[in-house]
Amino acid sequence: MHHIIAIGIFQAIVAAVLLWKGKVRTSADTLLIMFIACIACHLSIKFVIYTFVSDEQVRQQMNTFIGFCYAPLLYLYARKVNDETFIPATCWYVFLPFFVAAIVYFTTAGVIMFSGTSGYRLLKWYNLGSYCGILLSDIGYATLAIRIMRGFGKEKVVEKRIVLAIAWCFLGMVCISGPVYFINTFFEANLMIPVRIITYTALSGLCVMIIYYKFVAGSTLDAALRILEAPAKHSDLAVVLTEQDISHQTVPLETPEVHGSISEVTMSRRVTLPEEKQREIWESLESQMRQSLFFTDCDLNLDKLASLTGINKYHLSETLNSFARKSFYQYINEYRIAYALKEMESISASQSEDFNFLSLAFKSGFKAKSSFNRYFKEITGFTPSEHLRTLRQPKIAI
């Protein structure tokens, strides 16, 4: 238990610092930082209790009042994302249960400290009342957050994922811990330790999930979308495609056995062409790629692209490696996924359940649906079906 809590505290602190210092932080992310800070505070209190409190009743049963903060913060985050003019402080009343629970918590702790076992009755009622309150809060605010999330714009895919992940995590913990708690209370079972382990692990996992969506999935998805949404000016295209370097990810070759020899793919990165010449090659490549959609050819390789564009294949490889800082296959697959994202957005109004992802994969230039799914997940952080469901979610005015 101590190790799980300590790891959770460390993850929460690191996540809060990364969000606070990150360049991608928005005004709504302040609420996420508060959410993560509550997790760190919650786990810290539990660590102190499990380390320094010898009373087994307190160690095993005393609920932490911090639990009343999580769901309201999720609700406020969803509202802030949905409406940037919203001021969370105007909804201060959602934290009233937190303040009441804090007062009762310290009162109960004081009674037990000075009265010993005579305070156990008060502890029992505090646990029952606080647990019911936390369960109702989680159910109510998580449901409201999901409802508000459906009104997010299509560009707020990452925020949708964060809200959904947190909301469903809370609802899942309610389904698990609720029945177990009442069985434990009224039938004197001893089932709370496993439930607490699950809860603390889930809270730690939420910290990691938030950072993943904000810094990994969010940045790669944004870059992929911007490839096809960028202005047609060549100078701007160079900035767009080098600003977010998806080549930091390890992406395997789609079908290496048909895409040329290894020597062609792993040519020397030593720069022999002047930078200005590389820029000319890059702009020519970009212009032709966007106009002719060469990437939709599933048999495209370095030799074929060089032939189609009229660019020496060695110069082409050197420009991609040195100027764009990405391999040939990373470059092509970014275009394919960006194209697929655009196609999915244009046909997302269709409510047909048998949407043909295989056809979309072929149309985007992939030879197999498995390759399409793998690269889609690598670049966007989501599966194609998950992204389609997000696009189809109706907007609801709040």
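This is a predicted model: local features need pLDDT of at least 70, side-chain atom pairs count only at pLDDT 80 or more; totals for chains, interfaces and linings use all residues.
**Cavities, a nonpolar patch and salt bridges**

Reader: How much space lies in the largest cavity?
Author: The structure holds 6 cavities of 30 Å³ or more. In the largest cavity, the space is about 340 Å³.

Reader: Which residues that line the largest cavity are the closest to its centre?
Author: The lining counts 20 residues. The closest to the centre are His42, Tyr131, Ile134, Ser177 and Thr199.

Reader: Is Tyr93 buried, partly exposed or exposed?
Author: Tyr93 lies in the loop between helix 4 (67-82) and helix 5 (96-115). With Trp92, Leu96 and Phe99, Tyr93 makes a nonpolar surface patch of about 470 Å². Buried means under 20% relative accessible area and exposed over 50%. Tyr93 has 43%, so the label is partly exposed.

Reader: How many residues apart are Lys367 and Asp299?
Author: Their side chains meet in a salt bridge, 3.0 Å from N to O. Lys367 sits in the loop between helix 15 (357-364) and helix 16 (369-380). Asp299 sits in the loop between helix 11 (275-292) and helix 12 (302-309). The pair links distant parts of the chain, 68 residues apart.

Reader: Are Lys326 and Glu334 buried or exposed?
Author: Lys326 forms a salt bridge with Glu334, and the closest N and O atoms are 2.9 Å apart. As for cover, both Lys326 and Glu334 are buried.

Reader: Which residue of the Lys363 and Glu343 salt bridge counts as buried?
Author: The two side chains meet at 2.9 Å, N to O. Lys363 lies in helix 15 and Glu343 in helix 14 (residues 328-346), so the bridge ties together parts 20 residues apart in sequence. Lys363 has a relative accessible area of 44% and is partly exposed. At 19%, the residue that counts as buried is Glu343.

Reader: How many salt bridges does the whole structure hold?
Author: Side chains of opposite charge can pair when their charged atoms come close. A search of the whole structure finds a total of 6.

Key: Residues are numbered from 1 along each chain as its sequence is written. Side-chain values use heavy atoms; hydrogens and water are left out. Patches are made of residues with over 30% relative accessible area and no salt bridge: like charges are joined within 9 Å, nonpolar side chains (Val, Leu, Ile, Met, Phe, Trp, Tyr) within 5 Å. Accessible areas come from the Shrake-Rupley method with a 1.4 Å probe; for residues, only the protein chains shown count as cover. A salt bridge is a side-chain nitrogen of Lys or Arg within 4 Å of a carboxyl oxygen of Asp or Glu. Helices (H or I, at least four residues) and strands (E, at least two) are DSSP runs, numbered from the N terminus. Buried means under 20% relative accessible area, exposed over 50%, partly exposed in between (1.4 Å probe, protein chains only). On a 1 Å grid over the protein atoms alone, a cavity is a set of points where a 1.4 Å probe fits but cannot get out, and a pocket is an open set with protein on both sides within 12 Å along at least five of seven lines; lining residues have an atom within 4 Å of a point. Grid points are joined across faces, edges and corners, and a volume is the space filled by probe spheres set on the points.
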